[in-house]
Amino acid sequence: MTDATTPDTSGLNSWIEISDSAYATNLDFFRGLVGDTVELSAVVKSNAYGHGLREIADLAIRHGADSFCVHGLEEALELREAGFEQDILVMGHVPLARVVAAVDHDLRVVLYSLESARRLAEVATEDRPARVHLKIETGTHRQGVDGDELGMILEYLKSASTVRVEGVYTHFANIEDTTDHRYARTQVARFRKALQQIEEAGFRPDKRHAACSAAVALFPETHLEMVRLGISQYGIWSSKETRVSFHNLHPIAGPETAAQADGPLRPVMTWKARISQVKWIPADAFVGYGCTHQTTRRTRLAVLPTGYADGYDRKLSNTGHVLVHGRRAPVLGRICMNLTMIDVTDIPDVRVEDEVVLLGRQGEKEITAEQMASVVGTIPYEIVARIAPHIPRIVVD
Ligand SMILES: Cc1ncc(COP(=O)(O)O)c(C=O)c1O
């Protein structure tokens, strides 16, 4: 049965539901933290952390985000092509040969090299200036400049009339990895020093920004004029440490309910699949490649049409579980490229085409990206960002 808010998924083997209301809850929460005057930029790189670029871009604007951050030029062009006219910051390197496209499409471009500055100045005009956001190295030792190198770029920009220094930003190295934020504070101090250097060179960038999700949640002093909100707009804490630090800052009075323990965030994504075969197999039967699982009883086995090529991590082989009829069903044997086997012996009446939840909630049970990440030894970011783009993303409720 379908209605306006429940799309028909009967023709799909595997799909991802994106909850409009969960997204709205998360964005409202962060808007409340930063206030109305700070630019809330939704980081939608890598297919919106696996949630679907266009779907999330649309929700972000409808629910009050002001602008976007992406990694690559192509992502920005896809947004422009889809009709998004908001500001878009390209945070990754724009190949010098493609700089003209960034200027033509009025994109904000990260700047941390003299080569890029020169190329931008060449292709931009007084009427169509290049809009740059200087990226400051404050201790991540990834992308960025500081000290003399920053000085050289600033010196060049003084005479580059077609380049507008609209923003300046930095990125934290370990703000989400620890509850000890001394290193993050050192980075803030270095950022302030660089801001002073930029001001002394005669520039007054409108947008100073540093805050990723963890900083937005934990450090109001990093909100400045703009924040770059990534993982937590999708209802996922950057880490357990960030969740704990947040709860320490905002203690819950009285006994904690499960919902309060989750905090204000609501996961946006539910990854579903439909069972493609159900059968009895005997005791002592091997399941899957490598014969890594042998049954110890007569087993009701269900086959799912999802595998590691879809982004379902192969390390969940023999260790993961999925939700069927609101109950947990363990993964049996190795996850294949396109198939996964599960044990439904203890779950009555499981049939072909029943809905299974790989990630998300079904009834009272939930599999979170955080839990899955701890099973496979990674971070929640990787769990969601690696879900293959070919799986349909469907906005619900
Ligand atoms: C430069 C930059 N800013 C902001 C973000 C968003 O971070 P988060 O997803 O932790 O909010 C990222 C994510 O990797 C990033 O690389």
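A pocket, on a 1 Å grid over the protein atoms alone, is an open set of points where a 1.4 Å probe fits, with protein on both sides within 12 Å along at least five of seven lines. In this structure, the second largest pocket holds about 550 Å³ of space, a volume being the space filled by probe spheres set on the points. We're looking at a predicted model, where local features need pLDDT of at least 70, side-chain atom pairs count only at pLDDT 80 or more, and totals for chains, interfaces and linings use all residues. Residues are numbered from 1 along each chain as its sequence is written, and side-chain values use heavy atoms, with hydrogens and water left out.

**The pocket**
- Its lining (residues with an atom within 4 Å of a point) has 24 residues, and K45, Y49, R142, H171 and Y381 lie nearest the centre.
- Sorted by class, that lining has 11 nonpolar, 7 polar and 6 charged residues; Tyr counts as nonpolar here and Gly as polar.

**The ligand's place**
- The second largest pocket is where the ligand sits, meaning more than half of its atoms lie within 2 Å of the pocket's grid points.
- Around the ligand are 13 residues, with K45, Y49, S213, R228 and Y381 coming nearest (near means a heavy atom within 4 Å).

**Polar contacts** (pairs of N or O atoms within 3.5 Å)
- Y49 has a side-chain N or O atom 2.6 Å from an oxygen atom of the ligand.
- R142 puts a polar side-chain atom 3.1 Å from a ligand oxygen.
- I231 uses its backbone instead: a polar atom there is 2.8 Å from an oxygen of the ligand.

Conventions: A polar contact is a pair of N or O atoms within 3.5 Å; within protein, one must be able to donate a hydrogen and the other to accept it, and residues adjacent in sequence count only if both atoms are side-chain atoms.
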